[in-house]
Amino acid sequence: MVRWGLVGASTIAREWVIGAIRANGGELASVLSSNAERGSAYAADNGIARVAATLDEIVNDPAIDAVYISTTNELHRDQAIAAARAGKHVLCEKPLALSLDDARSMIAEAAKAGVVLATNHHLRNAASHRAMRTAIAEGRIGRPLAARVFHAVYLPPHLQGWRLERPDAGGGVILDITVHDADTLRFVLNDDPVEVTAFSQSAGMGQSGLEDGVMGVMRFKSGLIAQFHDAFTAKFAETGFEVHGTEGSLIARNVMTQRPVGSVVLRNAEGERELPLDQQDLYSRAIANFHAAIAGKGSPSATGEDGLWSLATGLAVVKSAASGATAMIETGL
């Protein structure tokens, strides 16, 4: 049994991760919140035994094996490093940090401590994206030439707050959604992005100069180009992911989501057919893989290095949108 501490009394933990931990035999031992009253209420509502008062208390708790960090983004580095130095395995929300130096420090400290560091990029656990990755690897669309991700959604009121108001916390749509696009593209294509050109938009939801929409194009090492559209403002859009190759196309609909839903159609010279999907809870798969990695029986769904790649891509998108010029994507790996 893996015993978990929650660093952050968050909505994502309540809605998705707590259930996934328990579904995989894990135990919720403690929760830390910046607000003591909120932490106590959260623990009571979610059946968590203890409430920690400080970061030191939760990471040095001998009854905890791993922590899930879902605080605001500017806090991730220090919390993850403290946990790693205390010998705790770390599952951290994306983006891993707000700078590449900080993300690299997190990876280095975890390696030094011999603990697992994973990034919670849930979308690579979707049956749709796994099926697309397999189809491409099997050559069913020939050589991939282009991709398209549409991930424009409506950010519901209960998730707004800091995402629309706090540049210091890494708010805005790019570090919230575009980083997921980058990771999902890398996973499905088994390819890395090298440069990006982007335009951002402030359509009325984003405050303090934060963007609430972005469009752009990435170029990958293979030469493939990928278009992306992300937004907090699209109330009636659907999400999707397409990959077009020399011998066929993969068309996925309603797949850029936390829920195990959506479809993938393969179109090639033989006609059109829907791929079978083994739909499973995305977060449950992430936790199962994380537990296996702790046991030395595999890797987490998305490693710290994967988180570094998506952060590097997101920061390049931010840079391109601000400068109007193409930005290179460099991880320093």
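These are legends for several close-up views of a predicted model.

**View 1. Two annotated stretches of the chain.**
Let's start with what the record says. An unreviewed UniProt entry annotates residues 2-121 as "domain: Gfo/Idh/MocA-like oxidoreductase N-terminal". Over that stretch the chain is 44% helix and 21% strand, and its end C-alpha atoms sit 20 Å apart. The unreviewed entry also carries the annotation "domain: GFO/IDH/MocA-like oxidoreductase", which covers residues 129-250. Here the numbers are 25% helix and 34% strand, with the end C-alpha atoms 10 Å apart.

**View 2. Helix α4 packing with helix α5.**
Here we look at α4 (residues 76-85) and α5 (residues 100-113), whose axes are 9 Å apart and meet at an angle of about 10°. Angles under 35 degrees count as roughly parallel, so α4 is roughly parallel to α5. Which residues of α4 make the contact? They are His 76, Arg 77, Ala 80, Ile 81, Ala 84 and Arg 85. On the α5 side you'll find Asp 102, Ser 105, Met 106, Glu 109, Ala 110 and Ala 113. Sort the residues of this contact by type and you get six nonpolar, two polar and four charged.

**View 3. Ala 113 in helix α5.**
Now pick out Ala 113, which belongs to helix α5 and is one of the residues in the contact with α4.

**View 4. Trp 4 with Phe 290.**
Time for some rings: the model has two aromatic pairs by the rule used here. Trp 4 and Phe 290 make a tilted pair, with 5.2 Å from centre to centre and 40° between the planes. Trp 4 is in strand β1 (residues 3-7) and Phe 290 is in helix α9 (residues 282-294), so this pair ties together parts that are 286 residues apart in sequence. Both partners, Trp 4 and Phe 290, are buried.

**View 5. Trp 16 with Tyr 283.**
How far apart are the ring centres of Trp 16 and Tyr 283? The distance is 5.4 Å, and the planes are at 25°, so the pair is stacked. This pair, too, links distant parts of the chain: Trp 16 is in helix α1 (residues 11-23) and Tyr 283 is in helix α9, 267 residues apart. Trp 16 and Tyr 283 are both buried.

**View 6. The cis bond at Pro 95.**
Most residues other than glycine have a negative phi, and most peptide bonds are trans. Lys 94 and Pro 95, though, are joined by a cis peptide bond, with omega about -15°. You'll find Pro 95 in the loop between β5 (89-92) and α5.

Asn 190 isn't a glycine, yet its phi is positive, at about 55°. Look for Asn 190 in the loop between α8 (173-189) and β8 (193-201). Asn 190 is exposed, with a relative accessible area of 63%. Asn 254 also has a positive phi of about 55° without being a glycine. Asn 254 sits in the loop between β12 (248-253) and β13 (263-268), and at 35% relative accessibility Asn 254 counts as partly exposed.

Terms used. Residues numbered from 1 in each chain as written. Predicted model: local features only at pLDDT ≥ 70, side-chain atom pairs only at ≥ 80, totals over all residues. Heavy atoms only, no water. Axes fitted to C-alpha atoms, helices over the stretch in contact; angles between N-to-C directions. Helix = DSSP H or I, 4+ residues; strand = E, 2+ residues; numbered from the N terminus. Parallel < 35°, antiparallel > 145°, perpendicular 65-115°, else oblique. Contact = heavy atoms within 4.5 Å. Nonpolar A, V, L, I, M, F, W, Y, C, P; charged D, E, K, R; others polar. UniProt positions renumbered as here; feature names shortened; annotations may be inferred. Phe/Tyr/Trp six-rings, centres within 6.5 Å; stacked < 30°, edge-to-face > 60°. Buried < 20%, exposed > 50% of the residue type's maximum accessible area, 1.4 Å probe, protein only.
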